[in-house]
Amino acid sequence: MKIEQINTKSIDEIREEMIDTVTCSKSDIFRIGEQCRTDYENMTNELKSIKQMMVKLNEEGQQLENQVLEARVMLSEVSMNFKKYSEGEVRDAYEKAHQLQMDLSINWQYKKQLLEKRDDLERRLIGLDETIDRADQLISQISVVMNYLTSDLKQVGKALENAKAKQDFGLKIIEAQEEERKRLSREIHDGPAQMLANVIMRSDLIERVYREKGVEEAFSEITSFKIMVRSALYEVRRIIYDLRPMALDDLGLVPTLRKYLQTIEEYHNHSKIEFVNIGLERRLPTKYEVALFRMIQESVQNALKHANACEIKVRLEITNAAITVLVKDNGSGFDTTQKKPESFGIIGMRERVDLLDGELTFDSKIGKGTAVLIQVPLNN
């Protein structure tokens, strides 16, 4: 089929339906996984209780066996010397032996039931564990699919007008993906990976301190250990948030931006980031929210990493007809008259704004900061 004959609108509609279907499937699998985790925890607690009861029953059974043995000895004594004991004593000896035998039988039956229940719970726990692992794998696989479906390929028909455009577009995507993977690899290696390695070393140190210096010194090491673990958890959450903040799907663009910029400001404690929303605070179609969030994210990161800005202002205005974003910093700036190869981040911003039929402009001077203006019309 020729490129001119492709109905890109139909492709986009099919793609949106696929996204909705995959999103629903991901939610269902997530709920199944969470329910399995809840059942797993409940069964684990029940299994623990059963094992405790079995220990108690074993102790009681041992006592009953000893008492039955003594009762049998007594019963044998009564039988052999029948005339030495009164009728009541003989009757009591028989009744006591019979009652103890009954108690021991009940104890055995109860232990047998608990043993069967324990074995059943252990089998079910193995099955639940496998289901949880499978659900996690499916969610991971679906996330990969969603990443492709929600990427900047919505208007792919325009990029396929000729073979060279298609090739260049594919190469840019591959290069951008590799660059992002390198960045993530560096962040994980320099952040959480190093901290987790330190966690292992510190755990060994705590054991040695406990043995050599006692509880107080070990408790002091544990306090420091907890701070290190919290720091590692913060780094992991920050990386996850950079990849795809879940709040973007749940709460929308404005609350997510507010939280994201606050988090970035706390992480880069030498910089002040001000966020102002002067328009409507309402939900937008997914393609607008994702694209705008990524463009603002890229602008702020460029200001922090490349321009060394200590003050950044982000202004967002949403009206019924358009969206306007202004990201302004007091960083080092650059000469807009000099032509130089654009970074992958700026290329991605231009592609995103083009897909939304918007405009992207840069206003910058060396030593006087940079202003990034994003204007996107809202097609009702």
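How many bridges join S4 to S5, and in which sense do the two strands run? Six bridges join them, and S4 and S5 run antiparallel; two strands count as paired if DSSP finds at least two bridges between them.

## Basis of the model

This is a predicted model, in which local features need pLDDT of at least 70 and side-chain atom pairs count only at pLDDT 80 or more, while totals for chains, interfaces and linings use all residues. Residues are numbered from 1 along each chain as its sequence is written, and side-chain values use heavy atoms, with hydrogens and water left out.

## Overall make-up

The chain has nine helices and five strands. Helices (H or I, at least four residues) and strands (E, at least two) are DSSP runs, numbered from the N terminus. In sequence order the pattern is α-α-α-α-α-α-α-β-α-β-β-α-β-β.

Of the 380 residues, 32% count as buried, where buried means under 20% relative accessible area, exposed over 50% and partly exposed in between (1.4 Å probe, protein chains only). The chain exposes about 24,900 Å², and carbon and sulfur atoms supply 54% of this area; accessible areas come from the Shrake-Rupley method with a 1.4 Å probe. Among contacts (heavy atoms within 4.5 Å) between residues at least 6 apart in sequence, 70% join residues at least 24 apart.

## Annotated coiled-coil regions

An unreviewed UniProt entry annotates residues 40–74 and 111–138 as "coiled-coil region"; such annotations may be inferred rather than shown by experiment. In the model, residues 40–74 are 100% helix, with end C-alpha atoms 50 Å apart. Residues 111–138 are also 100% helix, and their end C-alpha atoms lie 40 Å apart.

## The sheet

Five strands form an open sheet in the order S1-S2-S3-S5-S4, with mixed pairing. S1 and S4 (359–364) are at the edges with a single partner strand each, so one side of each has no neighbour in the sheet. Direction ignored, neighbouring strands are turned by 10° against each other on average. Axes are lines fitted to C-alpha atoms, for helices over the stretch in contact, and angles run from 0 to 180 degrees between N-to-C directions.

S2 and S3 run antiparallel and are joined by seven bridges, with Val314 opposite Val327 in S3. Helix H7 packs on the sheet, where H7 touches S1 and S2 and its direction makes about 170° with that of S1. Helix H8 lies across S1, S2, S3 and S5, at about 10° to S3.

S3 and S5 are also antiparallel, over eight bridges; Val325 has Ile374 in S5 as its bridge partner.

## Nonpolar cores

A nonpolar core is a set of buried Ala, Val, Leu, Ile, Met, Phe, Trp, Tyr and Cys residues joined through side-chain atoms within 4.5 Å. The largest one has 36 residues, of which Leu292, Val300, Ile312, Leu316, Ile323 and Ile374 touch the most other members. At least two residues each come from H7 (253–267), S1 (272–277), H8 (286–305), S2 (311–318), S3 (322–329), helix H9 (344–355) and S5 (370–377). H8 gives the largest share, 10 residues.

Leaving aside neighbours within four places in sequence, Ile374 is in contact with Leu292, Met295, Ile323, Thr324, Val325, Val353, Glu359 and Leu360. Another core, of 11 residues, lies apart from the largest one and includes Cys36, Ile50, Leu114 and Leu128.
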